[in-house]
Amino acid sequence: MLLSYKLLKHACLLTLFLSLSHLANSTVIRGTVLDLKTREPLIGATVFIKEINVGASVSLSGTFKLAVSDPRQYTLVCSFIGYKSLEKVVTITSEEKLQIDFDLEENSNELNEIVVVGVLDKTSDEFALHTEKNSESIVNVMSAKTIQLMPDITVANILQRFSGVSVDRNSSGDAQYAVIRGMPQRYNYTLINGIKIPSPDDKNRYVPMDLFPADLLDRLEVIKALTPSMEGDATGGAMNLVMKDAPATFTVHASAATGTNAIAAQRGFSTFSGWQEKAPAQTQAPEYLATPSDFTYKNFQYNNVAPVNQVYNFSIGDRLTRDKKLGAIVAASYQDLYRGTNSTFIKPDNQTQAPNNLPVFDDILVRQYSNHQKRLGTHLKADYRFNDKNQLKLYGMFVELEDIQHRHTIDTILGIGGRVGFGTGDTHVLDRSKVQKQKIVNVTLQGDHSLSQAFRVNWSAVYSKASNNAPDWSEYEIQQGSSKSDVPHFYDFNRRWLTNYDEDYTGYLNLYYNKNIGSNNLEISSGGLYRTKSRDTKYYSYQFTPHQDSNGNYPSFYNGVDAIGPQYWSGGGDGSLVNPNTYTAHEQIAAAYIQGKILLAQKWEIIGGARAEHTYQDWLNPMPTTFPGKDGTKAYTDILPSINVKYRVTPNDNLRADYFKSINRPSLFEINPYNIQGDTYNEVGNPYLKHAIINNIDLRYEKFTKTLDQISLGVFYKQIDNPIEQLWHKDSVASSGNVIGPYNSNSARNFGIELALTKYWGSFGISGNYTYTNSQITTTKQYAGANGIINVNQTRPLQGQAPHIANLSLLYKDVGHGLSLQLALAYTGTRITYVSPYQNLDYWQQPYFIMDFSLEKNFLTYFSFYLKAQNLLNTPYQVYIHHESSEYMSGVNVLPLQTDKSRILVQREYYGQNFIAGFRFKFSK
Amino acid sequence: MKTQKMLAVTTVVVAIIMLASCSKESTTVSKPQFKAGAAISGDSLTSGASNPVKGTMLSGKTFYFSGPVYVNKGDTLVMQSGVKLLAKSPRAMLIINGVFISLGTKQNPNWITGVDAYNNPSQYKLTSYTDPNSDPGLTSGGNAGTYPRQWGGIQCGTTATMFNVKWTHLDFAGGLVTNTSPVVTGFVYSAGNTLFATCFQNPAGVYILEDSWIYGTTSDVARITHGSVHFMRNTVEKVGYNDGDAFNTKGEASGNMAYNLFIGTSKGGTKASAKGPSSGGPFPYGKVNMYNNTYVNCGYRSLDPDRGANVDIEQGASGYVYNNIIVNCRTGIRFVESPVADTVNSAYGNNLYYADSLNIAGQFMPSSHLGKYNTTDIPLPSSYYTFPNQKYWFVVKGTPQAVAGGTWTNGYDATSLVRKNSPVFVNYPLPAPVGTATYGPHLGSMTWQGNSDFHLQSSSPAIGKGYTSFSAVVTPISSITNPDLAATFTSPNIDLGAFPTDGTGNQHN
């Protein structure tokens, strides 16, 4: 029985093989090509038969296949860039198949890498997978090659491809912030080469991920479980941007591409002639009272431009000296992008209507955004190897994102405006000009020294500064002819300047002791960091009011754009630096850890230890001395234990179990007791805000079947104590009633299941992941009933957490013809975008499904053509309030776009398709 | 009725004669004026948070201030009668975190104003039309700090428990919130805003403004975000350059606005809205009764065409609105439909409207806002408007529009209402003399009281038309029993307006 089964199986295989084979009588030579040291497949390596001039390259599945028809001796030459070529002589007799494997050795000038998080540094998919497989904790990795083939050109857009990651989008529809495993952006941090960087955001710690051009990356990692050597304030995950390293040989990459955005191209793209870089308060004496003639009005002169997108990348690297001790790479990426957005927003009032807690609406805002983004990223990486034991590494990065945005709004007033159905409202036209320039600079000097066979030490000295400059935010408003109005006229308007920075000096030191005990290995490491951070934010605001003529009439404008000028305004002011948005703050973090890593019987890898982090913060705001909380300090210490266990079931199967404790620090703005007066609620800071403490558990099974195939299944659970959210609550500081601001709820929990799958069949591949997340948090809300407002508790998911996240990529990669195609699909389930102070009135984003496509074709050895197309379906971004909507389907309060009686649409945005196409040049000696 | 009155008068006359003729001894013992803490020495109040002020400004004295004057939590600052507090700088203001009391009397009123304005009233309080950009009574904020008249108002912090101002002139209060303003935080202001003449924000606090005169503010006379309020028998002139309601309550503030005279306000006269944070106050929130007020030439300088309402009940607020006289104001009584006012706890009627133009008459019932059938308003609503029903509140349909040829479309026909039902004031010309050099170009140009007298002549149709079967909101202010501090409640009158013929109303002129 058994024998016959085996025979049958072999027969089948043989039949299959023969039918596929072109040469019925030939001998097939198959084999793998691996890196000698890392045992990873080298895709794209070539195997060439000298005698008959036949060759093949290694496919996605990591193998090559050659066929010969004559029995004789052949010489097979295997070669790959960066590796020493290898020849093997084989003699073909009558065998019908032959297995010949190559193990290539790297050119000897390749150096060992030093990355603080302690992972290898390579650029390919295989190494990405290798990193995942061999990593100490749960890491997802995407290699430069995968990124290059992605339809995405910013890091933020790539992040949405990761398992368990959903993204928050900016007004041009591009991803901006990552929600990892349902944990909002505040629970995640950003690393550059393992070094944490500050944020240019004026209020938050988290870094806008759309700052980074994707092409600079060597690799993008999302680290989902912490080890003691990592900073303890990531709960969802740490996003590690590993930048390109100096290559082993002289290498030049360059690319240029152009394209457009469908909305900007069809609708037209509007921009303005100029703006005022400095506020009068920044150039004049203190207490100078500005007048309307102190300002430019060029920011209100709009004109249309052609939305031609341009993307350029360049990098050059080599080992520079004869002895190959010095290596360096310089890379630059520049993107000049035009994006159009069409949006409708039905602006809810901050209060609801009794007796049924009915949401009320103030405005219908129909908006056209013209977003011009100029994104520049440059970096330099240099390393010098003194000898086998000592190495120095210098890294410098500069990224800048300049956003120039014109927003044109038609505002139909609903509340207190006299609207009784469609076409009857008081309408206003608003034009806003906004400029924002965000920058991050990072300079890191690292040293790595092996003191003996067992002892190693490495250190880093880091300077980072993130800054943000938003000059001349202005929006003017024209009342545009309600029937009650005498004539269209201007309204009061503001001009604002915001400038802020966040500056870090950090030192890291790590000590390693390594000992083999029989076949087991023990590594003990210890170290720490000290960081001192300074934050400074300055905000200036001027308010103008329309000028009456001598008869007490206001000037009238139908299309006031051309006419707007200083003569029509009075007011101004001194800019008032004394305001709740202006503050300075400092933070010192001292951290130390001890970590043990044991390799037992080649099966068990256990990393455990603890980290202590001490936080000291102070703030100062420019309020008068009578203000409670003009200055203050906070200090706390956390002990964060963690343990990561990996069990290698087989060399290709891992079972992992992790526990770690993490924290989430309030931002320095949140603890500063600012108080921004609002119409309904004041927004206040909370110096009594506690940092959140999170206990995390992970289980994961990974199977790496073939060279590139992978399946993994994981579950996670997080218990969050003192979770921080922007919430409606009773003010504890000024006892001024109810306010909105950062607030600790009692606790929250979050669990989920992650599934990832990658499978290749020759040139075809499929890569996908699915994450289910379920979080719960209970907070106090209001309900406006017949007898006034009552407080009720409501349980809901964390803001930004989607229950279902799925990604699917369909790949075609023909190595022989140098053609790659990818169709990428991303699905994000419904999630809360805003937590309402009222029961059941949270804003829910509709499930979002986005389809992108990319293509790359190599030609003439060094060149390739590529195409990236994003948002092919022009997916609308839609937000609903889940409240019965009959009040707004018809009658006096009728609202546009309403189709569903069970919910109220409050926002719908279209971003249009984006296309770029261009050429890439790659040369490597 | 008449015989009773005559009998009473006769009795009094006889009694006086008897008293005068008898040789009985009569004694009057003067009552000491209200005093808290020590008398304030010198003639100036110290500025700055580090030099807080408390105690009493003794009767008849003049004091100066030139910066922010602080009254700390738990402390009290008192002005006895006849005290003048004069600002030497636009930076002068009162920051009240405790209690502020100004007890002027009819004979000896108090003053808080700029020193130049006090000394040269004719230069500052104009009584003929002038360019609004150079009228000292109207300022858009901005660089008004260069004028020597202005001061920064009375700004009450969250811990202020009482604001109690009687028989006091508050002139030229306002200005701009700047870097050096002490109200940039903890108050209802943000950078670049204009200052309200007074603000109050303690839910447990009491705000009393009685028998006082307010002239030439930059913005609102009173911005109340919380607290119990009592606005009675005041005179309000020239409020706001292009923004500012006279009495503006938000949140859960509740109380009365009665027997006030408003002339030439920028936006509304009396306004209540429950917009704002709830602090768990009594329900219904924002219940403000507005009755027996007289509104003249109000609501024209507002940039928002819909904001000229002189009686304005907004989002979630409620009130009884009766016995008011509204003359040549931009719109009539407005109950807002969205976000909707608390109509369940609101009612109105017995109000008299007068218009010199069709535009204004077309807004006696402001279109698109809420109305309710009644048979007591003058003119009688059913005489010019077809009500959809007589039971429920409804949205006033249609938008009256003057079109070519002078006919009307879409709205009710107000042609017959123009220049009808003049309240026949003692001294105020109706129809208004629009277009004269003194009066100014518009109905809204005349913003000052001058020699006008808004008492009613005996021929007035406003006499005897009032509704008196409701009462003022008296709790919790009525619990103040100290006779110096207690509020004097005047009940709804049988006559309309702030100056009923029985003399119980507004006591000015």
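Select Q726(A) and P742(A). Q726(A) stands opposite P742(A), which sits in β38(A). This is a predicted model, so treat the tour as a walk through a prediction.

Now widen the selection to the two strands. β37(A) pairs with strand β38, residues 738-744 of chain A. The pairing is antiparallel and has 7 bridges.

Which strands make up the open sheet here? Show β33, β34, β38 and β37 of chain A, in that order across the sheet. The pairing in this sheet of 4 strands is mixed. Color the two edges next. They are β33 (675-676) and β37 (724-730) of chain A. Each edge strand pairs on one side only.

**Stop two: strand β1 of chain A**

Select residues 27-35 of chain A. This is strand β1, and it is mostly covered. How many of its 9 residues are buried? The count is 7.

Now find its partners. Start with strand β4, residues 63-68 of chain A. β1(A) and β4(A) are antiparallel, with 6 bridges between them. Click V28(A), then A67(A): A67(A) is the bridge partner of V28(A) in β4(A).

Stay on V28(A). Where does it meet β7(A)? V28(A) stands opposite K97(A) in that strand. Strand β7 covers residues 97-99 of chain A and runs parallel to β1(A), with 3 bridges.

Pick V33(A) and look across to F102(A), its bridge partner in β8(A).

**Stop three: the domains of chain A**

Color chain A by domain. The assignment gives domain 1 (2-104), domain 2 (125-244) and domain 3 (257-924).

How far apart are the C-alpha centres of domain 2 and domain 3 of chain A? They lie 13 Å apart. Next, highlight the contacts. On one side are 59 residues of domain 2 of chain A, and on the other are 105 residues of domain 3 of chain A.

Look at the domain 2 side of that contact. Two elements of chain A give two or more residues to it: α2 (125-134) and β10 (165-169). Which element gives the most? α2(A) does, with 4 residues. Color this side by residue type. You will find 25 nonpolar, 16 polar and 18 charged residues.

**Stop four: the sheet in chain B**

Switch to chain B. Here 10 strands form an open sheet with parallel pairing. Follow the order β2-β5-β8-β11-β14-β17-β20-β23-β26-β29. The edge strands are β2 (62-65) and β29 (352-354) of chain B, and each pairs on one side only. Look along the sheet for its twist. From one strand to the next, the twist averages 10 degrees.

Zoom in on one pair. Strand β20 (residues 261-265) and strand β23 (residues 294-296) of chain B run parallel and are joined by 3 bridges. Select F262(B) and Y295(B). Y295(B) is the bridge partner of F262(B) in β23(B).

**Last stop: the cores**

Select I96(B), F100(B) and F163(B). These touch the most other members of the largest nonpolar core, which has 141 residues. Center on F100(B). Beyond its neighbours within four places in sequence, F100(B) is in contact with V71(B), L77(B), L94(B), I154(B) and F163(B).

Definitions and conventions
Residues are numbered from 1 along each chain as its sequence is written. Chains are lettered from A and ligands numbered from 1 in the order in which they are written. This is a predicted model: local features need pLDDT of at least 70, side-chain atom pairs count only at pLDDT 80 or more; totals for chains, interfaces and linings use all residues. Domain bounds come from an automatic or database domain assignment. Two residues are in contact if their C-beta atoms, placed from the backbone, lie within 7 Å. Ala, Val, Leu, Ile, Met, Phe, Trp, Tyr, Cys and Pro count as nonpolar, Asp, Glu, Lys and Arg as charged, and the others, Gly among them, as polar. A nonpolar core is a set of buried Ala, Val, Leu, Ile, Met, Phe, Trp, Tyr and Cys residues joined through C-beta atoms within 7 Å. A residue is buried if 20 or more other C-beta atoms lie within 10 Å of its own, exposed if 12 or fewer, and partly exposed in between; C-beta atoms are placed from the backbone. Two strands pair if DSSP finds at least two bridges between them. Axes are lines fitted to C-alpha atoms, for helices over the stretch in contact, and angles run from 0 to 180 degrees between N-to-C directions.
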